[in-house]
Amino acid sequence: MILAGCSATRYLNEDQALVKKVRLKGVDKDLKEDALMYVQQDIRPNSRVNLALYNFLNTSNGRYRTGRVRNIGEAPHLLDSSLVDISSREIGKFLAYKGFFNARVKSEVKVKNKKAYITFIADEGQSFSIRNFTYMIQDTAVRRVYETNRARFTKIRSGNRYDADSVMNDINGTYNLMKENGYYDFLKQYIHVDLDSNLYSNRVDLKLNIYNPPGKTSHPLYYINNKTTIDIRNSNGRMRNIIPDSGVIDSQYHFRDYSHRFNFKPLSRYIFLDYGDKYNVSKENLTYDRLYELNVFRNLKIEYEKDPDSSSLNVNIEATPLKRMSNRVEGEYTFNSGRNGFNIGNTFTNRNLFGGAEQLNIKLRYGALFDSGDGRKLWGQVFNRDFQIGANLVIPTLLVPFNIPSKIETGIPHTTFSSSLQIFDQPGAFRNRLFINSMTYDWLQDRNKLHSLTPVNIEYRDGKLDPGFRDSLRTLGYEAYIRTNDRQYFNMGSQYSFTYNADKLNLYTDFFYFRGLADVGGNTLGLLTNVFKFHKDSTGSRTFFGLRYLQYAKTELDFRLYRHFGGERQLIARINPGIAYPYGNTDELPFERNFYAGGSTGVRAWQARTLGPGNYNRSSIPNEDTRKNLTYLDQFGEIKLEGNIEYRFKLLNSFLGSKLKGATFTDFGNVWRLRQTADVPSGEFKFDKFLNQVALGVGAGLRFDVQYFVFRFDVGAKVRDPQFSGSKQWVINKLFSNSARHEFKREYAETNAPDQYRFLQYNFGIGMPF
């Protein structure tokens with residue numbers, strides 16, 4: 001059944017009727033949704049949002065405007081008897097394709113107050129099932145290939161209901177099988193399936209025939225010849241009047257590079273059409289996939305030339321490279337709780353640094369947050385500023401001290417060298433310098449399983465509290481914050497992550513997604529300490545070249561379940577736990593190694609780093625200045641639990657040059673400290689209390705899909721806030737009462753100033769939240 005949304009009947013003429021509901025009766029439950037797709041689009045009920053938007057832009061004085069129509073939204077779908085008849089016939093055809101050869105479909109239409117209600121009534125009759133399946137294949141070699149491999153793709157089974165889709169699946173499977181086994185000239189027209197339904201008891205016999213090419217007694221078999229020519233144009237697509245670089249790899253691959261940019265050996269690893277192999281369309285597609293995956297080619301074309309003296313194929317590959325250099329500038333504006341700011345970033349990319357598709361990315365980012373509270377102008381004093389610079393060199397192979405296969409079919413492996421520097425300042429409170437260097441290997445076990453190993457991750461961190469602020473914290477007894485933030489350290493660690501089904505994230509299907517991360521640091525230095533007895537500093541911590549080093553173990557998991565409901569409707573359920581544990585040479589982890597809650601990809605009703613830990617309420621900080629200076633520095637934890645339930649759906653096919661989609665969501669979660677501390681009362685994790693410390697938020701959002709990017713806007717509303725106790729946690733009760741809301745915010749300001757309470761949180765972002 002399809003239901004209509006917003007009514008437009010007041011704008012219609014007397015002889016017009018808006019389709020409000022379409023129903024289908026008499027069709028099996030498992031076929032009903034597919035059968036409804038054969039109802040003509042123009043007599044399906046409108047979307048409420050689409051129709052309301054169209055009416056808003058195209059009506060005047062109680063009537064639709066004549067002349068130019070603003071093509072935004074969706075015009076009203078009006079009753080059309082000819083389209084009703086076509087829909088009846090198409091539903092009948094669909095049922096016949098599904099084995100109901102005697103199906104009949106009629107329609108009933110009721111019109112009331114310019115509203116039309118359409119009902120299609122089907123009499124399916126008895127379904128036809130498959131009795132026997134046989135085949136006749138004239139070429140004995142083709143028959144052997146078919147008999148050996150048919151079981152892996154066929155869906156035709158004796159006793160099953162006849163289904164034309166299953167028959168077509170067998171035809172396509174047979175065609176692909178031949179193209180994978182050397183039969184370059186094989187055509188789909190050589191395959192024909194005969195259906196005999198002139199039997200009793202509603203049963204059919206199927207016979208698959210594979211005919212020889214006209215005038216031949218067999219299908220010719222082709223092999224790849226020993227000459228594969230690869231012509232690389234320049235980035236403008238030109239080859240004329242240019243003397244190319246040339247070379248031969250493995251006596252088969254003959255390169256001519258008119259762009260003068262490429263080393264040939266790395267490219268040859270990803271050409272899978274090898275001399276002596278049978279022609280195989282899957283190897284051809286694999287070559288396309290891997291060469292495009294290198295991210296250096298704009299266009300590729302693979303063609304074959306038959307050798308007149310043998311049953312072999314010469315391969316010709318033409319490639320047009322992308323521009324070698326690119327530059328991207330990004331920016332965003334942020335605002336929350338009286339603070340406004342901006343982030344601006346620039347990414348420079350060289351796609352082919354050394355000629356082997358090595359990619360160099362250099363990233364610059366600068367952001368500033370201004371405090372516009374207390375009646376200041378929008379751009380008040382600087383609250384904090386953040387500058388980051390980083391470089392990544394990505395090499396499309398695994399640089400390891402042992403032999404690995406030169407050609408890897410599952411995907412292009414990468415070795416990435418990274419280096420970054422962050423300079424963060426929060427005047428009057430804290431400054432941080434963080435320098436990170438790492439080497440990472442990424443490889444695919446198969447198309448669904450991605451491994452990432454960082455054997456070496458070296459960090460240097462220099463964090464310092466403002467002297468006056470540090471003294472005030474010490475006076476208040478907040479030694480934990482001093483230990484966590486006012487410190488220098490050296491870290492040498494390793495990381496490993498495993499991701500399952502990341503390739504399906506942009507598909508509308510049912511699947512399970514998983515990502516697991518393990519991060520350990522300091523173990524090598526810990527072993528060296530036992531051997532060489534490194535020096536201890538005044539706190540009793542071992543040092544490496546005069547710097548304390550970290551020892552910790554950290555893990556984070558991301559489980560998601562995706563369910564597809566047809567069209568572009570999708571439900572995602574996600575749970576995201578994590579734990580970090582300091583040990584050995586480390587009692588307290590620095591705040592950047594801990595977890596935080598909130599933000600545009602977590603519990604969206606809270607700004608990032610403003611939720612938790614546990615029942616912690618910042619009113620416990622004794623004065624306003626300390627509370628302000630500790631902003632974003634005190635709400636973290638070694639334990640994390642976040643979860644999301646999000647329903648996604650399409651709103652408009654075209655809106656300002658993009659596809660407009662919507663989402664509704666429920667988020668929950670928090671962070672906790674491993675141990676009880678006086679600095680953060682009620683922030684520790686306890687099994688008998690943590691469920692009452694889980695924050696809850698709900699919201700809705702818009703996604704503007706412009707093909708290559710998705711711009712996202714979400715609004716989250718706080719439902720349950722764990723910083724309060726008892727019934728006061730259910731802050732949603734205050735949201736819909738002006739007087740209760742204002743009184744609540746006034747009381748909060750008295751105890752938590754300069755913090756302001758926000759019932760709603762606005763989030764802007766690029767890409768999906770998860």
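**Close-up views of a predicted model**

**View 1. D165 and K98 meet in a salt bridge, 2.7 Å from N to O.** A salt bridge here is a side-chain nitrogen of Lys or Arg within 4 Å of a carboxyl oxygen of Asp or Glu. D165 lies in helix α5 (residues 164-179) and K98 in the loop between α3 (81-97) and β5 (104-112), so the pair ties together parts 67 residues apart in sequence. Helices (H or I, at least four residues) and strands (E, at least two) are DSSP runs, numbered from the N terminus. K98 counts as buried, at 9% relative accessibility. Buried means under 20% relative accessible area, exposed over 50%, and partly exposed in between (1.4 Å probe, protein chains only).

This is a predicted model: local features need pLDDT of at least 70, side-chain atom pairs count only at pLDDT 80 or more, and totals for chains, interfaces and linings use all residues. Residues are numbered from 1 along each chain as its sequence is written, and side-chain values use heavy atoms, leaving out hydrogens and water.

**View 2. R290 and E293 form a salt bridge of 3.0 Å, N to O.** Both sit in helix α7 (residues 281-293), three residues apart, so about one helical turn separates them. R290 is buried, at 10%. E293 is partly exposed, at 32%.

**View 3. Strand β10 (residues 223-232) is mostly covered.** Seven of its ten residues are buried. Two strands pair if DSSP finds at least two bridges between them. β10 runs parallel to β14 (residues 312-321), with seven bridges. There, I232 partners A319. Five bridges join β10 to β12 (residues 253-257), also in parallel. There, D231 partners R256.
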